[in-house]
Amino acid sequence: MSPETSSTGSQLVKRGLADMLRGGVIMDVVNPEQAKIAEDAGAVAVMALERVPSDIRRDGGVARMSDPQMIQEIQATVTIPVMAKARIGHFAEAQILQALNVDYIDESEVLTPADEENHIDKWAFTVPFVCGATNLGEALRRIGEGACLIRSKGEAGTGNVVEAVRHLRTINAQMRRLQSADSSELFALAKDLGAPLPLVREVAETGHLPVPMFCAGGISTPADASLVLQLGAEAVFVGSGIFKSEDPTRMAHAIVEATTHFRDADVVAKVSTGLGAAMRGAETATLEQRLAERGW
Amino acid sequence: MRVGVLALQGDVREHTATLRALGAEPVAVRRAEHLEDLSGVILPGGESTAIAHLLATSGLREPLAKEIESGLPVFGTCAGLILLSRQVLDGRADQWSYAALDVAVRRNGYGRQVASFETTLDVEGLGEVPGVFIRAPKIESWGESVDVLATHDHGDGDFPVLVRQGSVWGCAFHPELTSDTRVHELFVTSLADR
């Protein structure tokens, strides 16, 4: 068939890349050396950013899109997909990332939001977007805006998985509620969720999100990965948890193994043995800035 | 009929669902013992570097090689095609493959994600079939013993996108991502005929 009949940027090819990442680990990296370590360890993709979330948290100030040069250096280093973050609502940063040929854009609460009202109109882009969500309404609003992949927000940069668990459990519970609802209840439920009715109906029928659901935020050990996968996440994003640990190479390998064999406690036990210290972590109750509250 | 789906990473669920729709019994393959009593095995889409890594660490790499050598039919889609190819271009320096299919593939030969595309393919014996290409590998050269069942012209001439060499099948696109089950049916039917 001829190229004239081909089309790019369809929902199928955008969601399709997320399907290909399922069962894998996407690792935050800040330079080509880390990207290489991630790929060597079996990462399915890397997230190129200038500072991992725990450093953004420590340094304060405005966190923005990464320098294109750094993203391009990482693209030149690895063969796996390269993702990058844009600020919430900052469609110009997203346009730049698309021009740079990144494979996925994360419209991320880890960066400082650029718009307090609106997220990016993601339908306008050929490159697919992943967005964070703390509950089902937020997830469906992002999908309504064109997101092709949803991740829990967690509380990035804390090394504490508690928020990610809360988000996954909330989304799962709200999906079960929709499944058990009478069709005439769905209108009010859609209103309460603040979510588009057609998407609410779809979840009520299928029992899962229309796009893959991954987990992000606070995953620091192989056991954390196993936990969130057993709670229904289909892949994991690991931010500070690898390169802020004592032995990043070993931690990266271990989290990849645990993600593939997440139901096999013997494998998770084996890869958890003698790993060295995980990142130090923080108790989320004492945080001054909750990143998960960014976005709505 | 028990058909394995390599379940280390990637779009395992879609292949599983397609096999079930065709009346086959899908078997998730994560360890060597899962290869027992299979009529065939599918290597799914995903990231070929990650799957190759996990094949080695899970102890599956050699047992699967032996099965393929001894004639277990195998069908690789996208990343699975890369794993079966004789030669991988633009791969990692240490990228290995099973060399079961006499083709040379270029990783991401159709471009990065923004170039991923949908098209309609003309498959020998089936007619029009939807073709979903995601960071797809491109078959750039192939041996005489390789049957080309479908080609695609991306503006630079016809290149194979669905090939078969005896009991080894490979395609650059993702038939498992659409509701059209006919490409899988070709493979599954060939298992019944053996």
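In the predicted model, the side chains of B:Arg13 and A:Glu234 form a salt bridge, with a distance of 2.6 Å from N to O. This pair belongs to two chains that touch, and across the interface of chain B and chain A there are 7 salt bridges by the rule applied. Polar contacts were also counted: between chain B and chain A, 22 residue pairs are in polar contact, with both residues at pLDDT 80 or more.

On the side of chain B that touches chain A, the elements giving two or more residues are helix H1 (12-21), helix H2 (48-57) and the strands E7 (117-123), E8 (127-133) and E10 (147-153) of chain B. Strand E7(B) provides the largest share of that side, with 6 residues. By class, the residues of the side of chain B that touches chain A comprise 12 nonpolar, 20 polar and 16 charged.

Chain B contributes 48 residues to the contact and chain A contributes 46. Between them, chain B and chain A bury about 3,500 Å², and 52% of this area lies on carbon and sulfur atoms.

Within chain A, the packing of helix H13 (residues 265-272) was examined against two other helices. With helix H12 (residues 248-260) of chain A, the axis of H13(A) comes within 9 Å, and the two axes cross at roughly 175°. Angles over 145 degrees count as roughly antiparallel, and H12(A) and H13(A) are therefore roughly antiparallel to each other. On the H12(A) side, the contact is made by A:Ala254, A:Glu257 and A:Ala258, and on the H13(A) side by A:Val267, A:Val268 and A:Val271. Sorted by class, the residues of the contact of H12(A) with H13(A) are 5 nonpolar, no polar and 1 charged.

From H10(A), the residues A:Pro222, A:Ala223 and A:Ser226 take part in the contact, and from H13(A) the residues A:Val268, A:Val271 and A:Ser272. The contact of H10(A) with H13(A) has 4 nonpolar and 2 polar residues, and no charged residues.

Methods:
Residues are numbered from 1 along each chain as its sequence is written. Chains are lettered from A and ligands numbered from 1 in the order in which they are written. This is a predicted model: local features need pLDDT of at least 70, side-chain atom pairs count only at pLDDT 80 or more; totals for chains, interfaces and linings use all residues. Side-chain values use heavy atoms; hydrogens and water are left out. Axes are lines fitted to C-alpha atoms, for helices over the stretch in contact, and angles run from 0 to 180 degrees between N-to-C directions. Helices (H or I, at least four residues) and strands (E, at least two) are DSSP runs, numbered from the N terminus. Angles under 35 degrees count as roughly parallel, over 145 as roughly antiparallel, 65 to 115 as roughly perpendicular and the rest as oblique. Contact means heavy atoms within 4.5 Å. Ala, Val, Leu, Ile, Met, Phe, Trp, Tyr, Cys and Pro count as nonpolar, Asp, Glu, Lys and Arg as charged, and the others, Gly among them, as polar. Buried area is the accessible area (1.4 Å probe) that two parts lose on being put together, summed over both. A salt bridge is a side-chain nitrogen of Lys or Arg within 4 Å of a carboxyl oxygen of Asp or Glu. A polar contact is a pair of N or O atoms within 3.5 Å; within protein, one must be able to donate a hydrogen and the other to accept it, and residues adjacent in sequence count only if both atoms are side-chain atoms.
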